[in-house]
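Please read this briefing alongside the sequence and the model shown below.

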Amino acid sequence: MPFINSKISTSLTEAQETEIKTRLGQAIQTIPGKSENWLMVGFEPDCKLYFRGSNAEPIAMVEVSVYGSENPSAFSKLTGQICDIFKDVLGIAPDHVYVKYQAVSNWGWNGDNF
């Protein structure tokens, strides 16, 4: 039940969205028990983001929510992959990407909770 939402300071083309979505679908497997089959991805392009008091460079804030417990080592590996994806596809420097993780114990789907 992972959800990855990205707030991005730049515009996105459909091709960029597709590439990011596809690569995140592969990267989510870094977390044991997670797969693209349950992954939901959201994009919020053209966000007003500032980092270090400036918005001169492209910036991204990526939030990863997962059902279950925290896995710090898997989260660390996934952060590296997320930074690579945003650098490769959008040219956002890894030091301009924040990644926030949230383990969720209550998750609803299809009219019920897990």
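On the face of helix α1 that is turned away from its buried side sit the exposed residues Glu-14, Ala-15 and Gln-26, where exposed means over 50% relative accessible area, buried under 20% and partly exposed in between, with a 1.4 Å probe and protein chains only. The model is a predicted one, in which local features need pLDDT of at least 70 and side-chain atom pairs count only at pLDDT 80 or more, while totals for chains, interfaces and linings use all residues. Residues are numbered from 1 along each chain as its sequence is written, and side-chain values use heavy atoms, with hydrogens and water left out.

**Helix α1**

- Helices (H or I, at least four residues) and strands (E, at least two) are DSSP runs, numbered from the N terminus.
- The buried residues of α1 are Ile-20, Leu-24, Gly-25 and Ala-27; they cover an arc of only 165° around the axis, which puts them on the same side of α1, the arc being that of the directions from the helix axis to the C-beta atoms.
- These buried residues pack against β1 (3-8), β2 (40-44) and α2 (72-90), with contact meaning heavy atoms within 4.5 Å.
- Helix α1 has 14 residues (residues 14-27) and should span 20 Å at 1.5 Å a residue, which agrees with the 20 Å between its end C-alpha atoms; the expected span is 1.5 Å times one less than the number of residues.

**The sheet and its helices**

- An open sheet of mixed pairing is formed by four strands in the order β2-β1-β3-β4, where two strands pair if DSSP finds at least two bridges between them.
- Because β2 and β4 (97-104) stand at the edges with a single partner strand each, one side of each is left without a neighbour in the sheet.
- Strands β3 and β4 run parallel and are joined by eight bridges, and Val-66 stands opposite Ala-103 in β4.
- Helix α1 packs on the sheet, where it touches β1 and β2, and its direction makes about 145° with that of β2; axes are lines fitted to C-alpha atoms, for helices over the stretch in contact, and angles run from 0 to 180 degrees between N-to-C directions.
- Helix α2 also packs on the sheet, touching β1, β3 and β4, with its direction at about 140° to that of β4.

**Aromatic rings**

- Six aromatic pairs are counted under the rule that rings of Phe, Tyr and Trp (its six-membered ring) pair if their centres lie within 6.5 Å, with planes under 30 degrees apart counted as stacked, over 60 as edge-to-face and the rest as tilted.
- One of them is the edge-to-face pair of Trp-38 and Phe-114, at 6.4 Å centre to centre and 90° between the planes; Trp-38 lies in the loop between α1 and β2 and Phe-114 in the segment after β6 (112-113), so the pair ties together parts that are 76 residues apart in sequence.
- Phe-114 is partly exposed, with a relative accessible area of 42%, and its ring makes a tilted pair with that of Tyr-67, because the centres are 5.6 Å apart and the planes stand at 45°.
- Ring pairs link Trp-38, Tyr-67, Trp-109 and Phe-114 into a cluster.

- Ser-65 has its place in strand β3 and counts as buried at 13% relative accessibility.
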